[in-house]
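I opened this notebook to keep track of what I looked up, one topic at a time. The entries follow the order in which I went through the model.

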Amino acid sequence: MLSLAAVVGCVEPGGEVSDSTSETSADTSSTGDTDTDTDTSSTGDPDTSSSTGDTETDSSTDESGDTDSGESGESGESGESGDTDSGESGESGDTDSGESGESGESGESGDTDSGESGESGESGESGESGETDTGEEPEGPCGWEPGRGIMTLLDEDTLTVSLLRNDAVTIELDTSLPAAADDAVLDLVMDTRGESLFVAVYDDLGGGMEHTRAHYRVYDRDTGAVVWEFADDVWEPEGRPPFVASDGRVAFFGYSPADESDNGYSRVLGPDGLVDHFVGVAVGPVMPDDWMAIEVGEGWSYPRFRNVVTKQEADIVHTIWADDIGTWLRSESLFIYLSSINGELHVVEQHANDVTLRPWPELEPYLFGDWTVSSLALRGHGHDVLVRVSNNDQHRWLHLAEDDTSNDVLMIPPQGHSATGCVTQPVVGTQGELFTVWRDAASANIWELVGPNDAWAPAELSLPVSQFAGLYLGMHEGTYWLTASETGSCPGVWDPPPMEALLGGSFQIMRPQDNAYVSLGYAASLRIAPGGLCYARLGPSPDDPWVVEDLLSPETIEVPDLGTLSWIPND
């Protein structure tokens, strides 16, 4: 684990993050999110969508992890947050984690969809070709190639969108609406994936065809150049998040005053114009095989798949446990759900007609008995499944790792410790281990549970924290963070803390695999990048700008004050 003696850097301010692996201040099965800011690839909405309720995911698959709170919530997410999928949800939900999703009792959502990636490493000197002396492309901040578009900046007042690259170049995109009515009320929706950045601007005034106009553009995510554009004066976005595919095709739920039916329609556009138009709600991108995730039925509550080329549709092939224990991994247009098949419980992963069955016999004694599933969440890259089962006031967590090993966890603190009241759900680590926060009379810190036969042990990731009232624990792409704030839902009485403890508001970021540790002096706003190698933070003053800082190098980028920032997945 990380040695606290190895400090890559220390910065003063920091502190807000929301991610699929983080926890909430109350153990609920609604969204699991607290006062968090989830970064997404549209207009700030998470990249997930659920059939009967959204869920939360841990985004190693989501775009990013960000929060504005010192409390932790099981969300994700990713965010551009990313495209992270996170958030605990009710009946069924989705995530784009990368982002994964939780499903459970409530129908509220807290997902995110992420598509983060990016490895770190030192770059050599570059020659004329821009390659290193090893023949590899040089790396810029965050471990991405130099000149890579890393985030969008949306000014919601002027509806302008700017692209920020990791060489600090800012490019303002054309978001005009040609031939708009003089009294038009403009709005926009957006999404990013792969090399594509999609923005649709439209007249949201409503009332008639004179105010039905939209302009769709797909830009290159590095240069800001328009790849294709399309104008429409009959259909426009309804306002829900759109989904751009890796090849630039985009799906969205539409509206037209010319449509007098009781149906709701989604549309798919591409470089040559209209690709598909169908009844239902688009809830995931078009995949390379031309299939995408949709929802149909009353309240758009039933998951289905559609091929935008052949116009075929595919239903869920197995019965969903309790009708609603399932969630979308939206970045893959993949539906993940529990099902009893021939008397055996399985996690089912379905994309169109491709179905993977993952037996989970360790769950059977509970669900075939008197226990019920109160939440289901996706973690890691979306294929770690975390389920909470409940029997009256008893709760247990069962974790099915990506390699199909199972861990059964009763959240009982070690001797002399107790729960904080804020971090109530385990965080899944990069190796399938579980993390939580326990406190004694003087301070609190992160503990880990490595295997089903192990006991909780100090994780040796962070310094202890004390005298806080809010707490948030998160993990994204191998980067962990612990936020403590002076306000929140878990204030406590404290004995004199140990000398090394951080008091009141604080923020710690840890990346064990790279021996990196950063301590921020108090809880402020912070957002973890896709790949987990850098973060954006706000300073202590209201006038301080966002600053991007690299965990593995001293490189920084000051973010221009051009609007709300959202990380772009580094697919």
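**Entry on a charged cluster**

I began with Glu313, which is partly exposed, since its relative accessible area is 34%. The model I am reading is a predicted one, and I keep that in mind for every value below. Glu313 forms a salt bridge with Arg306, and I noted 3.0 Å between the closest N and O atoms. Is Arg306 buried or exposed? With a relative accessibility of 9%, Arg306 counts as buried, because buried means under 20% relative accessible area.

I then followed Arg306 to another partner, Asp276, where the closest N and O atoms of the salt bridge are 2.6 Å apart. This pair links distant parts of the chain, for Arg306 sits in strand β18 (residues 302-307) and Asp276 in strand β15 (residues 273-279), 30 residues apart. Asp276 is buried as well, and I wrote down a relative accessible area of 4% for it.

Asp276 also meets the side chain of Lys311 in a salt bridge, at 3.4 Å from N to O. Lys311 belongs to the loop between β18 and β19 (313-315), whereas Asp276 is in strand β15, so this pair ties together parts that are 35 residues apart in sequence. At 36% relative accessibility, Lys311 counts as partly exposed.

Which residues make up the network to which these bridges belong? I found that Asp276, Arg304, Arg306, Lys311, Glu313 and Asp315 are linked by salt bridges. For the whole structure, the search gives 22 salt bridges.

**Entry on the disulfides**

How many disulfides does the model hold? The count comes to two. In one of them, Cys142 and Cys534 are joined with their sulfur atoms 1.9 Å apart. Cys142 lies in the loop between β3 (103-104) and β4 (149-155), while Cys534 lies in strand β40 (residues 534-538), so the link ties together parts that are 392 residues apart in sequence. The torsion about the S-S bond of Cys142 and Cys534 is 90°, and the link is right-handed. Cys142 is buried at a relative accessible area of 2%, and Cys534 is buried too, at 1% relative accessibility.

The other disulfide joins Cys422 to Cys490, with 2.0 Å from S to S. Cys422 is in the loop between β28 (418-419) and β29 (427-428), and Cys490 is in the loop between β35 (479-485) and β36 (502-503), so here the parts tied together are 68 residues apart in sequence. For the handedness I read the torsion about the S-S bond of Cys422 and Cys490, which is about -100°, so this disulfide is left-handed. Both Cys422 and Cys490 are buried. When I number the bonded cysteines in sequence order, the pairing reads 1-4, 2-3.

**Entry on the largest pocket**

I next looked for open space, and the largest pocket holds about 330 Å³. Which residues lie nearest the centre of this pocket? They are Asp384, Gly429, Thr430, Gln431 and Gly432, out of 22 residues that line the pocket. Sorting the lining by class, I get five nonpolar, 13 polar and four charged residues.

**Entry on backbone angles**

Most residues other than glycine have a negative phi, so I noted the cases that depart from this. Asp290 has a positive phi of about 80° although it is not a glycine, and its place is the loop between β16 (281-282) and β17 (291-296). Asp323, also not a glycine, has a positive phi of about 75°. I located Asp323 in the loop between β19 and β20 (326-329), and at 66% relative accessibility Asp323 counts as exposed.

The largest nonpolar core has 22 residues, of which Phe435, Val437, Ile446, Val465, Phe468, Leu471 and Leu473 touch the most other members. Which strands each supply at least two residues of this core? I listed β30 (434-439), β31 (444-449), β34 (470-476) and β35. Another core, of 20 residues, lies apart from the largest one, and among its members are Ile336, Leu338, Tyr366 and Val385.

Methods. Residues numbered from 1 in each chain as written. Predicted model: local features only at pLDDT ≥ 70, side-chain atom pairs only at ≥ 80, totals over all residues. Heavy atoms only, no water. Disulfide = S-S within 2.5 Å. Helix = DSSP H or I, 4+ residues; strand = E, 2+ residues; numbered from the N terminus. Buried < 20%, exposed > 50% of the residue type's maximum accessible area, 1.4 Å probe, protein only. 1 Å grid on protein atoms, 1.4 Å probe; cavity = no way out; pocket = protein on both sides within 12 Å on 5 of 7 lines; lining within 4 Å. Points joined across faces, edges and corners; volume = space filled by probe spheres on them. Nonpolar A, V, L, I, M, F, W, Y, C, P; charged D, E, K, R; others polar. Salt bridge = Lys/Arg side-chain N within 4 Å of Asp/Glu carboxyl O. Core = buried A, V, L, I, M, F, W, Y, C linked by side-chain atoms within 4.5 Å.
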